Amino acid sequence: MKSTPVHPLGTRAKILLSSVFGPYAQDDAYGSRTVNPMELYQNQVTRTQGALSLRMFHRSFGLMLLQANIDAPCTLLDFPSRERFIQEIQEQPYDVIGIGAILPNTAKVVEMCALVRRFQPRATLVIGGHIANKGDLDRIVDADHIVKGDGVQWFRKFLGQDEKAPVRHPAVLSGFGTRIMGTPLPTSPGSTAAILIPSVGCPMGCNFCSTSAMFGGKGKFVSFYETGDELFAVMQGIATELQVRSFFVLDENFLLQRKRALRLLELMEQHHKSWSLYVFSSARVLQSYSMEQLIGLGISWVWMGLEGKQSQYAKLNGVDTRALVKSLQSQGIRVLGSSIIGLEHHTPENIHAIIDDAIAHDSDFHQFMLYTPIAGTPLYAQHQSQGTLIPESQLPPADVHGQYRFNYRHPHIHDGREEQFLLDAFNRDLAVNGPSLARLIRTTLDGWLRYKKSPDQRVRERFAQRAKVLRTTYAGAVWAMSRWYRDDARIGGQMRALLARLYREFGWSTRIVAAVVGRYLYRMMKKEDLRLAQGWTYEPASFYEHNAAALALPRMLPKAIRSPLPRLGAMRENAMGRSV
Ligand code: B12
Ligand code: SF4
């Protein structure tokens, strides 16, 4: 591999950044898999909830962050088709082409590198993102640079930019193309959270965690905004630009940096901001805050690793996770619990009790993932030294996405039984706790009842804002779900009880709206159910965006797009001169 620390053209170099090509939700020769769409909830959270699964796409935020911090002309192609990628590199000359990817998409990166060498042989080819941890990547792709860790700093060095300049944050909504119950949801300003990336990595260093390993492992992480003041300024800019009130904080352990979080709370109070924050947090860290602090900070959704009974991770030490989930929900904080299937002590005999224990948390959402050693992690190194990894010739990277097979020989679970255990976990969670949408509505209602009369105006405003949908759309959704489950004594009963609580709180107007909206949603659900049964899948729209420097170049202006992704994929052209 050649190594050039600084590009000779510096910030005059023309740069293309691209994510891997789609379509994604189909089995193909490039490593796409039907069970591995470019989605979060459908993939690993609401996988078996059918028409009630939350369908949603997320942009490639890493690439967007890079583009926002590159002073050179930089174009971003997000979710192109293979043809669209070829078109771009055939028609537009670039000095640098950067591809961002994760390990399951290795075959696509191999193909994209070959295409770049064919159509743009003079371009410097850079690969980054989690795929960079793949030990043999330099042998299977012909790239000039394989960048491990943070790409913002790397590009600054590479282009001769100021390495100490403040990090510019892209203003972008957290999701798009959202739909549930067969109904698209508006991604309008005000209804969707913006993404916020304060740091990457996590110092807790759990043995399996590739995000932690990627940015230095135990004790290390990369902070883009060190102080609460910096973060507050960034949030204010985004809130104004996108007209949002909520932030999806894409930081693996946001609350761990206590000083920053508490200063943010102070500033939110001073400036009367009733923002909502959706965060990832380990249980122990969460418990180190008082409920008052969490509510004051606007924490309204938490993604928390429960991992599994007897998992013995430090982040869970001494925490009664069931009690914690219950107490958060009673305050209106929605919880996404995350459990692992296939820890060392899991066996075909005990796995069902372990699943039962996980679902007894009754979290609003529950992610189940296979315990998977990923290149770069201590767990991977351990399996490598023990010789227990399954070779790629038997299990390609495309199938190592955590929802299908172990990529190693498990001491107790063999013959591919893990896939069925995963499905059992999702199905059992649904059968016992009901659809996640209803659980989320229940928690939202609990929060409203608790805080509707809060003496703190910021808190009251935030809960009142959420209650607007409780009276209307959510009530309609519960009406439709109670009809959907009318023959299921357990879930049908849960739905009727929830509907009765909504009626009791919001009165006759909600009764009327619920029946009207509910009938509509019920019809949409039936249609969606049929579509899904026929094998329908969803693909993200593609995006083609230029930074200000690229827009200033006349020949870099966007050209006609000829090959969008099929189905729902519509190509969007955006001028992306908007960073705060
Ligand atoms: C958002 C997200 C998604 C989105 C993807 C959106 C997208 N457009 O790609 C969705 C929900 C669709 C998704 C799906 C999956 N994901 Co995902 N996802 C994430 C998540 C939560 C955040 C990623 C992010 O934006 N981080 C913030 C940005 C700033 O960080 P970053 O992307 O790492 O970028 C930095 C560097 O990597 C680097 N960089 C990135 N790109 C480039 C490019 C160049 C050229 C350079 C130089 C540098 C560089 O610089 C950036 C700034 O520092 C991460 C976990 C995490 N917290 O990172 C998992 C994560 C990336 N996903 C992961 C996995 C396994 C999956 C799935 C396979 C899971 C599944 N079974 O559902 C699927 C795959 C879907 C598919 N078909 O490809 C793993 C990857 C493991 C690995 N080592 O490969 C992660 C790390 C989670 C985990 N710990 O297991 N995911
Ligand atoms: S606490 Fe969570 S994010 Fe941090 S290392 Fe452990 S698994 Fe990764």
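User: How many residues of domain 1 are in contact with how many residues of domain 2?

Analyst: Two residues are in contact if their C-beta atoms, placed from the backbone, lie within 7 Å. Domain 1 (10–169 + 541–575) and domain 2 (176–434) have bounds from an automatic or database domain assignment. The contact involves 33 residues of domain 1 and 39 residues of domain 2.

User: Which element gives the most to the side of domain 1 that touches domain 2?

Analyst: This is a predicted model, in which local features need pLDDT of at least 70, side-chain atom pairs count only at pLDDT 80 or more, and totals for chains, interfaces and linings use all residues. Residues are numbered from 1 along each chain as its sequence is written, while chains are lettered from A and ligands numbered from 1 in the order in which they are written. Helices (H or I, at least four residues) and strands (E, at least two) are DSSP runs, numbered from the N terminus. With three residues, the element that gives the most is strand 2.

User: Is histidine 272 buried or exposed?

Analyst: Histidine 272 is found in the loop between helix 9 (258–270) and strand 13 (276–280). A residue is buried if 20 or more other C-beta atoms, placed from the backbone, lie within 10 Å of its own, exposed if 12 or fewer, and partly exposed in between. Because histidine 272 has 9 C-beta neighbours inside 10 Å, it counts as exposed.

User: Which residues does a cis peptide bond join?

Analyst: The loop between strand 1 (15–18) and helix 1 (41–44) holds proline 23. With omega about 0°, the cis peptide bond joins glycine 22 and proline 23.
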